[in-house]
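Subject: A structure for you to look at

Hi there,

Here is the structure I promised to pass on. Please have it open while you read my notes.

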Amino acid sequence: MKYISTRGQAPTLEFEDVLLTGLASDGGLYVPETLPEFSKEQIRSWRGLPYHELAFHIIQPFVAGAIADDELATMLEETYGVFAHKAIAPLAQIDHNEYVLELFQGPTLAFKDFALQLLGRLLDHMLQKRGEKAVIVGATSGDTGSAAIEGCKRCDNIDIFILHPYQKVSEVQRRQMTTILADNIHNIALEGNFDDCQSMVKASFGDQSFLKGERRLVAVNSINWARIMAQIVYYFYASLNLGGPDRAMAFSVPTGNFGDIFAGYLARKMGLPINQLIVATNQNDILHRVMSANKYEKHPLAHTLSPSMDIVVSSNFERLLFDLYDRDGVVLADLMARMNNETVELDSQRLAKARELFDSYAVDDDTTVDTIRTVFDETGYLLDPHTAIGVKAARATRRSETDPMITLGTAHPVKFADAVEKAGLETPALPHHLTDLLSREERYKVMPNDLSAIQSFIAQEVFGQ
Ligand SMILES: *Cc1c(COP(=O)(O)O)cnc(C)c1O
């Protein structure tokens, strides 16, 4: 499988290089040159397969040539073997024909485990084969950092440095990162905010001389293609468990960087019958404003009760625009440049085409809390604030009563106690594999907001001098 950049000017790459590359050299994002397509008959034949076997069928075409089939199969079995629920992605029913797909059964209790558990293993495998070692540097306001650390803790060929804003992440979120004591895991608490953490990461990718040309720097944020690839699988899994592919479904997706919902869009292009995809946002609603009013305009960041969806721009939206603009990299490069600087209106016919599949809806904090309360009162089922936004958007924009409506449950409510308490409900206990989290030994380094200090620390840890 070959991969091309959305801006048309970067070299075409094989999977192996896409995995190890972040942004394309022209500033674009890599996408597959062609997608595998599956017939209904083929999809039907996967009914009843365990999650990791289904994942093999869907992922194999994307990595063919880079990873041997038996190695991929083993990797997938190990990846999903660490999940706490044997179904990996169980469905919970919250109303007639309405479901939550629980994507929070992984080690860090959020859906990012689906991709990052696999990504760590893929990277380590590829580096081992090449006889190389890599350094991952990432910034986190919560979920991504812990999922990346969990995904890399057994990787022999990777050192991972995660920067979080000192005293600005919740105790559970911090401890999910800092209690992983493997030698290749390095937690930095930066005296600054999340943007400062991100600036450090960006600057380090821009000038990698602190790694002396001896180590490669790898990105694990949601622009990494392999993350999207892993997320396609659970759309198939959910559908197959509710009568797919002989029945079409609707999915509502709590959205920040548009990675998760883009995977749903790809699942549909690969042959899965999906009639509706709902972009559910919090008050950071740039995607809702462009979908509903054709106005792409950056607003200042708002801090909400659903912090994992607090974004100003949505990086993976570019991958959808690439298709909407007939995969014309030159046109897209120009559009992206304008979107960076000014308010932009999309071509109305192209947007209309997107709206045939996508709906959008924005949910404020009060409504998020009300939804948590309402669903709990109706069913006794406790939603986290991100998932609650998905459920609200699903109920507000649903097109069909007969197609099952599936909201992606992106996090476990225990991670977001604020919102649960605001709904007047009790925070649930930590799942049993985490019950001693609050008493485990922690390891992290508090550091000043100073790039050269951070980079020398990384070099010192990696090269040991
Ligand atoms: C990351 C995250 C999201 C947003 O996912 P995107 O792929 O960025 O759209 C939603 N909910 C939770 C809990 C997350 O951690």
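Predicted model: local features only at pLDDT ≥ 70, side-chain atom pairs only at ≥ 80, totals over all residues.

I would start with H5, which runs over residues 112–130. Its 19 residues reach 27 Å from the first C-alpha to the last, close to the 27 Å expected at 1.5 Å a residue. Of those 19 residues, 16 are buried, so H5 is largely enclosed by the rest of the structure. Just after the helix comes Gly131, with a positive phi of about 70 degrees.

H4 (residues 69–81) packs against H5 at an angle of about 140 degrees, and the two axes are 9 Å apart. The crossing of the pair is right-handed. If you want to display the contact, H4 contributes Glu71, Met75, Leu76, Glu78, Thr79 and Tyr80, while H5 contributes Phe114, Gln117, Leu118, Arg121, Leu122 and His125.

**Helices H6 and H7**

H7 (residues 171–178) is mostly covered, with 7 of its 8 residues buried. The buried ones are Val172, Gln173, Arg174, Arg175, Gln176, Met177 and Thr178. Their cover includes H6 together with strands E7 (158–165) and E8 (185–190).

How do H6 and H7 pack, in angle and in distance between axes? The angle is about 25 degrees and the axes lie 8 Å apart, so the two helices are roughly parallel to each other. H6 passes H7 in a left-handed crossing. On the H6 side Asp143, Gly145, Ser146 and Ile149 take part, and they meet Gln173, Gln176 and Met177 of H7.

Glu150 also sits in H6 (residues 143–152). Is Glu150 buried or exposed? Its relative accessible area is 12%, so it falls under the 20% limit and counts as buried. Leaving aside residues up to four places away in sequence, Glu150 touches Pro107, Thr108, Gln117 and Ile180. Gln117 is also among the H5 residues that meet H4.

In soluble globular proteins, nonpolar side chains tend to be buried together. Here the largest nonpolar core has 113 residues, and those with the most contacts inside it are Phe15, Tyr235, Phe236 and Phe358. Helix H9 (residues 225–241) gives the most to this core, with 13 residues.

Not counting residues up to four places away in sequence, Tyr235 touches Phe251, Val253, Asp260, Ile261, Ala263, Gly264, Ala267, Leu272, Ile274, Leu277 and Leu408.

**Two more residues**

Gly8 lies in the loop between strand E1 (2–5) and strand E2 (13–14). Beyond residues up to four places away in sequence, Gly8 touches Asp26 and Gly329. Its C-alpha is 24 Å from that of Ile232, a residue 224 places apart from Gly8 along the chain.

Lys202 is in helix H8 (residues 194–206) and has a relative accessibility of 69%, so it counts as exposed. Lys202 and Gly138 are 64 residues apart in sequence, with their C-alpha atoms 9.1 Å apart in space.

Happy browsing, and do write back with any questions.

Best wishes

Terms used. Residues numbered from 1 in each chain as written. Heavy atoms only, no water. Helix = DSSP H or I, 4+ residues; strand = E, 2+ residues; numbered from the N terminus. Expected span 1.5 Å × (residues − 1). Buried < 20%, exposed > 50% of the residue type's maximum accessible area, 1.4 Å probe, protein only. Core = buried A, V, L, I, M, F, W, Y, C linked by side-chain atoms within 4.5 Å. Contact = heavy atoms within 4.5 Å. Axes fitted to C-alpha atoms, helices over the stretch in contact; angles between N-to-C directions. Left-handed = near helix turned anticlockwise from the far one by under 90°. Parallel < 35°, antiparallel > 145°, perpendicular 65-115°, else oblique.
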